[in-house]
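Subject: Structure handover

Hello,

Here is the structure for you to open. Please keep it on screen while you read my notes below.

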Amino acid sequence: MGEISETRSRAGVPGTLKCVADSLFRLTPPVLYVGPDPKDFQAVVLIAPIWVYRLAAPMRSFVAERVDQLPRTAVVAVMGGKGGSNAAAEIGALLGREPLLATAFTTREVDDGSCAGRIEAFGGALAAIGPGSEPLRPAVLSPSAG
């Protein structure tokens, strides 16, 4: 497990305004990464916050800086209410390939634990993806898919 952090504080009103500006203009602020080298793994799960319906700027920076170091990726977005699919799309655009699998949860679902079953299903689906598999589309995960 690794952690991405910013080199500058986002505390208070100025920090909130910086979050909004970074999201709206898709900026890439300087970040620090502490953790294992992503290229040492067959797949990496990126857990990405959503800011103003877009990928959070620190994750955008991390992915942009490590395009060649990130193997196959999966994306878990955490959002206030909407924008989860935007994170997966932006990560795919930065990497030049779609994530293997993507899902999104609201902050409420994470806080109250109601996402546990869906997280478990996501993990199971990710574990079942073989080395040469194509990215899974939402229809593939649907109970009605044949």
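Start with the cysteines. Cys-19 is buried, at a relative accessible area of 16%. Buried means under 20% relative accessible area, exposed means over 50%, and partly exposed lies in between, with a 1.4 Å probe and protein chains only. Cys-115 is also buried, at 5%. A disulfide is a covalent bond between the sulfur atoms of two cysteines. The rule here asks for a pair of cysteine sulfur atoms within 2.5 Å. By that rule, the count is zero disulfides.

A word on the source. This is a predicted model, where local features need pLDDT of at least 70 and side-chain atom pairs count only at pLDDT 80 or more, while totals for chains, interfaces and linings use all residues. Residues are numbered from 1 along each chain as its sequence is written, and side-chain values use heavy atoms, with hydrogens and water left out.

Four strands form an open sheet in the order 4-3-5-6, with mixed pairing. Strand 4 (54–55) and strand 6 (101–106) stand at the edges; each has a single partner strand, so one side of each has no neighbour in the sheet. Strands (E, at least two residues) and helices (H or I, at least four) are DSSP runs, numbered from the N terminus. Two strands pair if DSSP finds at least two bridges between them. Strand 5 (residues 72–79) runs parallel to strand 6, and six bridges join them. Look for Ala-77, which stands opposite Ala-104 in strand 6.

Helix 2 packs on this sheet and touches strand 3 (43–51) and strand 4; its direction makes about 145° with that of strand 3. Contact means heavy atoms within 4.5 Å. Angles run from 0 to 180 degrees between N-to-C directions, and axes are lines fitted to C-alpha atoms, for helices over the stretch in contact. Helix 3 (residues 84–95) lies across strand 3, strand 4, strand 5 and strand 6, at about 150° to strand 5.

**The cores**

A nonpolar core is a set of buried Ala, Val, Leu, Ile, Met, Phe, Trp, Tyr and Cys residues joined through side-chain atoms within 4.5 Å. The largest has 16 residues. Among those with the most contacts inside it are Leu-46, Leu-55, Met-59 and Phe-62. Strand 3, helix 2, strand 5 and helix 3 each supply at least two residues of this core. Strand 3 gives the most, with four. Another core of ten residues lies apart from it, and includes Ala-74 and Leu-126.

Now find Arg-60. It lies in helix 2 (residues 57–65). Is it buried or exposed? Arg-60 is buried, at 2% relative accessibility. Its contacts include Asp-22, Leu-55 and Glu-90, leaving out residues up to four places away in sequence.

**Salt bridges**

Side chains of opposite charge can pair when their charged atoms come close. A salt bridge here is a side-chain nitrogen of Lys or Arg within 4 Å of a carboxyl oxygen of Asp or Glu. The whole structure has nine.

Asp-22 and Arg-10 form one of them, at 2.4 Å, N to O. Asp-22 is in helix 1 (residues 12–24) and Arg-10 is in the loop between strand 1 (3–6) and helix 1, so the pair ties together parts twelve residues apart in sequence. Asp-22 is buried, at 0%. Arg-10 is buried too, at 17%. Asp-22 also bridges to Lys-18, at 2.8 Å between the closest N and O atoms. Lys-18 is partly exposed, at 32%. Both lie in helix 1, four residues apart, about one turn of the helix.

Best wishes
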